[in-house]
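Welcome! Here is a short briefing to read alongside the sequence and the 3D view.

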Amino acid sequence: NYPFFDDDGKGKFNLKTADTRSFGGFLNMLFHSGPYGVFYGDVTFTDTRDTSNNYIPYSPALVANLSYGYSITPKFYAESRLFFASESFADLVNSKKINNFIDVGLKLTYRYASKMDVYAEVNNIINNNNYFWYGYKERPLDVSAGIIFTF
């Protein structure tokens with residue numbers, strides 16, 4: 001009784017269940033090597049299939065989230081990120097394959113005061129046509145900025 005979402009073809013997702021077998025693994029990495037910055041990453045492999053050997057919808061086989069940050073000066077911090085998901089399907093018979101999801105981002109942060117940061121962030125720098133859910137396109141090149149207060 002593994003729960004999953006199924007698209008009814010009219011833009012509505014219904015919750016369904018299936019008997020499945022699943023195999024997976026993950027790797028979490030954190031490297032803080034002093035003056036060379038901080039690297040964090042997690043990679044997850046999942047093989048979840050029903051009794052007919054079909055992949056369960058919206059259950060990517062490979063998901064990776066990688067991030068590298070570096071303090072340029074004591075007040076400036078830069079961080080690059082990569083999110084990747086592949087081998088995902090939108091239906092239980094696996095006729096609707098979803099393209100690989102690739103999101104490359106960059107964030108710059110300036111420490112304005114001891115408890116206040118100002119940041120600017122750009123996501124989907126390569127302007128990839130990303131779909132995590134079938135028919136629902138993620139934002140194209142996305143720019144945001146803001147202020148972070150820490151109490």
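**A first look around**

With a relative accessibility of 8%, F101 counts as buried, because buried means under 20%. Please keep in mind that this is a predicted model. The points below visit some aromatic rings, a nonpolar patch and a loop residue.

**Aromatic rings**

- There are six aromatic pairs in the model.
- In one of them, F31 and F39 are stacked, because their ring centres are 6.1 Å apart and their planes meet at 25°.
- Both partners are partly exposed: F31 has a relative accessibility of 47%, and F39 has 26%.
- F101 pairs with F83 in an edge-to-face arrangement, with 5.4 Å from centre to centre and 85° between the planes.
- This pair links distant parts of the chain, as F83 belongs to strand β6 (residues 76-86) and F101 to strand β9, 18 residues apart.
- F83 is partly exposed, at 24% relative accessible area.
- Another ring, that of Y119, has K107 over its face, 4.8 Å from the ring centre.

**A nonpolar patch**

- At least two residues of the patch come from each of β5 (62-71) and β9 (101-113).
- L108 sits in strand β9 and is partly exposed, with a relative accessible area of 42%.

**A loop residue**

- S33 lies in the loop between β3 (20-32) and β4 (38-50), where S33 is partly exposed at 39% relative accessible area.
- From S33 to R139, 106 residues apart along the chain, the C-alpha separation is 34 Å.

Conventions: Residues are numbered from 1 along each chain as its sequence is written. This is a predicted model: local features need pLDDT of at least 70, side-chain atom pairs count only at pLDDT 80 or more; totals for chains, interfaces and linings use all residues. Side-chain values use heavy atoms; hydrogens and water are left out. Helices (H or I, at least four residues) and strands (E, at least two) are DSSP runs, numbered from the N terminus. Buried means under 20% relative accessible area, exposed over 50%, partly exposed in between (1.4 Å probe, protein chains only). Rings of Phe, Tyr and Trp (its six-membered ring) pair if their centres lie within 6.5 Å; planes under 30 degrees apart count as stacked, over 60 as edge-to-face and the rest as tilted. A charge sits over a ring if NZ of Lys or CZ of Arg is within 6 Å of the ring centre and within 35 degrees of the ring normal.
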